[in-house]
Amino acid sequence: MGRKVIVGFITFLLVSVGAFSCLLAQEPLSKRIANYTMDVRLDPEKKVVSGSEVLTWLNDSEVELSELYFHLYLNAFKNNMTTFIADARRVYPGRIPRLKKEELSYIDVESIKIIGEEGVEPIDITPTIEYVQPDDGNPYDQTVMKVTLPQPLPPQQTIKLDISFTAKLPLGMARTGFRDDYFFVAQWFPKIGVFYEGAWNCHQYHYTSEFFADYGVYDVNLTVPSNFILGATGVCRSKKDNGDGTTIYNHYQEDVHDFTWTASPHYLVYEDTFTHEYLPEVKVILLLQPYHKMFKDRYIEATKHALRYYGEWYGAYPYPQITCVDPAYRSGSGGMEYPTLFTGGAYWLTPIELRSPEGVTIHECGHSWWYGMIGSNEFEDAWMDEGFNSYSDDRVLEKAYGPNYFSRRFLQIFSIVFKRFSYKPTWGSISAYRPYAKLDDMSRLTWEFMDGTSYHINSYSKGAITMWTLENYLGPELSAKVFKTYFQRWKFRHPRPQDFIDVVEEVTGQDMSWFFDQIVFGSNELDYAIERISSSPVAKRQGYFDEEGERAFITGEEEGEKEEKEEVIYESHVIVRRQGEVVFPVEVLVTFENGEQEKKVWDGEYRWVRYTFNKPTRLQSAEVDPDHKIFLDINYTNNSKTMNPRKLPAYKWAFRWMFWLQHFLETFTFFS
Amino acid sequence: MGIFKALRTGIKRVNKNKKMWFFLLVVNILVALVLTFPLYSALKTSIGDSLMGERLTKGFDYRWYDEFKYKFRDTGFITLWSPTIVGSGTFFSNVESLATGRFFQFGPTILVLMAVYVLLNILFAGGILGIFHSPEEKFTIKGFFSFGGTYFNRFFRLFIMSGILYGILYFLAVPYFSGLINRIGGTAASERVAMVLGLIFGVVMFFLLFLVNMIFDYAKIRTVVGNGKSMLKETGKAIGFVFKNFGKTMGLYYFIGVLGIVFMVIYGVVEPQISQVTPLLVLLAFVWQQVYMLARIWVRLTFFSSQLNLFMGLQKEKKVSETAA
Ligand SMILES: [Zn+2]
C-alpha cells in the first residue's frame, strides 16, 4: 500500500472519529424521562404561584403502568397532622414549626388531562386523583398524589399530561417560601415520582428527607412583577415586559431533575465567568442581598473554587451557567442545592477565617455533582449525596483556604480567630460522629433514623469520614480513580450504594465488601489501640541446660562477663488491641531508641496481636495507624504509647487554664 | 482635686504597697489552683504515655482535644476549657461573661469557687481601703486583716445591696433586652439590626455595671473615711457624690479602665510569641501570666487608691468652700 493511501486512510479515520464524537456531543446528557413545559405566575400579595405544566413522561420500565405518582411537597406544611410536621415533632422535639394560617402552604391540582394526538380531545383524569401515603399510611398527609390512567402506558411509551395547579407558598420553611417580598420557590410544582427497580419510588415528604426525581428538560415561563429580579434554574432565554407591571421570563435547562426559582426586588446582581485550562467556561451569577455587598467576591471566589476542584476531580460542570443566591435574612432558604442554582448564607462581620459563606457555598455548589449530576435517591441513600459532598467540600476547603481555626464570637458580634489553633475541616465531622457512632446504620431510610441528629450525623459526618477513610485506605491515586470513574459512569443516572461499591471493587480489583458491610450497612465502632509496650534486656540464662549431650547448671553469673563486652539485646513487646467491633487492617509503627523503625501490618481480625522484637536497642514507641488514615477511629489518643512520656503539655495547658481561672476570679472581684 | 492628681498620688500609694500586690496574687493563685489540679490530672490521664505528649509539646492536636473534651464531658467545668480561652481569649471570655451574666451557666463547681473568692475579697477590700486610708499607708498582714475584719460586716451588706442591683441587670435587663433584640431583629430586614442592637445593649450594660460598681466603690470609701454605720445612707450619699461630680468620678474610673485595657493588649500581643515548646518557655509563659495578673491586681488597687484620693480631695475642697462661705 502506498504511503498516500495510508495517510488518506488515517485522515478518513480521524474525520470519522471526529464526526462520531460530534454526534456524541449532541446526544442528550441524560435519559430525558420527565420533561416539563410550564407557564406560571407569581402573585406576591397572596403568596401564590399558579399556572400549568405540560409533563412529557417516558415509561422507561419494562412494565405497563396504569398509575402515575406525583410529589406535592408543599402540602407538607398544610396542617399540623402531616407526616412532615409529625416527623418534626418526633425528630426535633424542641423545634416545632409555626402553624399560623398565612404562614402555611398547600398545593392544589385543579385539573390533570392526558393530551393525545393533535385534534384529539384531552382526557380528563382529574377525578382519579387520590392522595396516598406509601411510607406511613398517615391519612392527613397529602404529599403524594396518585392518578389512574384510562389505559395502561406501555413500556418505552411517552405520555403527555396537562396539569393546572395553584401553590400557596409558606413563610420560609424547609428552604421554600417567602419572607416579605423575598420569594424562594422550591419543591413547588406537581412533580412526578421515579419509577425504578420495578416500582414507584415516590415517598412522602419527611422532615429529614430530601428529594429524588428523574432527569429531563425544563422550559419554564415565569411571570413576576417587573420590579422583581429573578433567578432560576437554567438559562434565561427571553424576557418580555407585559406592560401590566409584570414581566415574563423564559428559563430553559436540559438534563436536570428539578427547577427552582427566586424573585425579590432587592437583589444585587453580579456576573462573572469561571475559566479553566481545560474545563468549559461557566457563567457565574450572584444574587446578593444589598446588606451583604461585602461578601460579593467571597461568594464568587468560593463558587469558582468548587467549579474548579470538583471539575478537576470528578468531571466538568456541563451547564453553561450557575446561580448563587444569597438568601434573605430569616427566609429559611439558606444552604440548599438545586440544579444550576444554590443558596449560600452569610452573616455580617464574619471574617474569612471562619469560612462563611465559603463553606456553605462550596458545599451547595458541589451538590451539582453529588445530587445534581449523580442523581442518587436522597430519600433512601442520603449519605450518597451528603456524605460524598461533605467529603468533597472538605477537600476543596482545605485546598483553597487551608485549615479551619478556632474562633469565638464576642458578644455574638465580633469574631476572634485563634490562628494558633487550626484543624483540618473534616475533624469537625469526627467530633460530631463520635457520640452517635452506634446509634444507627449509615445506610437507612432518612425518616427511620432515631432522630434528626442521627440522620444528620450518619448522612453528613459519618458519610464524609467514611469517604476520607476509604481514600486513605486506597491511597490518593486509586481513590481519585474510583471517584472519577463512579462519577463518569453514573452521572445523570440513579446509582444505588451497590453501584458505588461495584465501581470501587472494579477499579481496585479488591473485594471491598468487608469495608462497606461494616461501615455503611453497620453501626459498630472502629477503635484500635496500643494496649501495652515493654522493653527490657534479654534475661541471662539460668537453670539446667542440655548442651552437646551434657547437662549444665547455669547460674547466670557465668555469662555476666561475656555480656559486658557484647552489646545488650532488648526484648520488646508491643500489644495492639482491637477495642471496637469493626475489623479493619491496620499498620503499626514501632520506633526504637536508635531511630530504627519497623512497620507491621495487622489484619486486625482477632482481638489483639503481639509483636516481639529482639534488638540491640530499646523500644521507644509504638503507634497503630501512624499516618492517621483511619478517620473513623473514634479514639485516636489511645493509638500510641511511648516509653518516654512527656509531661510538658499537661503543665502547659494547665497553666493556660489556670491563667484563665485567675483572670476569671479577678474579673469577678467586681462584685466584692 | 483633679482626676490626674488623684490618679498620680493613688498610683504612688499603690506602688508603695508592693507586698499587698503579692499577697493578693498569692491568694488568687491558691484559689485558682483548686480547679487547676483537677484539670491537670485530667490532662495527665488523657495524654498519659501516648505520643500525644510529643505532639502537644510541639503544637496543638484537634483530635486529641476533641477526645479529651468528650471523655470529660460530664465533669462540668472541664468543658469550659478550650483553645479559645488562651491569650486574649481569656479577656474576651471573661469580659463577655461579665456583660451578659453568662458565668451563671458555668456549673456549680466554678460558681462556688467564685463565691469563695468574692467573699475573700470583700474581706480584702476593707484591708486595702483601711491601709490606704491609714496614716502610715503601709501593708502588714496584721493590719490588713484587722481592717478587713473591721469593715467586713458593713462591706458584706454593701455587697448584698449591690448584688440586688446586679441581679436586676442580669436577671431582668438581660432577658428583657435579648427578647427585645430577638423581636426587633426577627422582623428586621437583615441580621445587622440585631447585631447593632446587641452592640448597643452591650455598651449600655457595661455602662450600668460600671456605674453600680463605681457607686459602691465610693460607698465603701465613704464608710472607711467617715466610719459610717448605715450602709443605706452611705450608698445614698455615694450616689449623690458620684452624680454631683459626674465628670470627675467617671473620668477617673474610665481612665483607670483604659489602663487595664492597655495591659490586656500588651499581654495579648506578647503571649502568643512565647512558643511554649520547652519547659523553660512554658515557665516563661507562666511568669508572663503572673506578671499580667500582678498588673491586673495593680489596676484594682489603683481604682481604690485613686478614688479614695478623689473622694477625700473633693470633700476637703467642699469643706474649704463651705467655711469660706
Ligand atoms: Zn448538602
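In α1(B) of this predicted model, the buried residues are Ile3(B), Ala6(B), Leu7(B), Gly10(B), Arg13(B) and Val14(B). They cover an arc of only 130° around the axis, so they lie on the same side of α1(B). The face turned away from that buried side carries Arg8(B) and Lys12(B), which are exposed. The length of the helix can be checked too. Helix α1 of chain B has 14 residues, 3-16, and at 1.5 Å a residue should span 20 Å. Its end C-alpha atoms are 20 Å apart, which agrees.

Chain B also has a nonpolar patch on its surface. The patch is formed by Val196(B), Ile200(B), Val204(B), Phe207(B), Leu208(B), Ile239(B), Phe243(B), Phe246(B) and Tyr254(B). Together they have about 690 Å² of accessible area. Three helices of chain B, α8 (191-226), α9 (231-244) and α10 (246-270), each supply at least two residues of the patch. The most come from α8(B), which gives five. Leu208(B) is found in helix α8 of chain B. Leu208(B) counts as partly exposed because its relative accessibility is 31%, between the cut-offs of 20% for buried and 50% for exposed.

Now to chain A. Four strands form an open sheet there, in the order β6-β7-β3-β11, with antiparallel pairing. The edges are β6 (130-131) and β11 (191-192) of chain A. Each has a single partner strand, so one side of each is left without a neighbour in the sheet. Strands of a sheet pair through backbone hydrogen bonds. Strand β3 (residues 65-71) of chain A runs antiparallel to strand β7 (residues 144-153) of chain A, and six bridges join them.

Terms used. Residues numbered from 1 in each chain as written. Chains lettered and ligands numbered in written order. Predicted model: local features only at pLDDT ≥ 70, side-chain atom pairs only at ≥ 80, totals over all residues. Heavy atoms only, no water. Expected span 1.5 Å × (residues − 1). Buried < 20%, exposed > 50% of the residue type's maximum accessible area, 1.4 Å probe, protein only. Arc of directions from axis to C-beta. Patch = residues over 30% accessible without salt bridge, like charges linked within 9 Å, V, L, I, M, F, W, Y side chains within 5 Å. Areas by Shrake-Rupley, 256 points an atom, 1.4 Å probe, with all protein chains shown as cover. Salt bridge = Lys/Arg side-chain N within 4 Å of Asp/Glu carboxyl O. Pairing = 2+ DSSP bridges.
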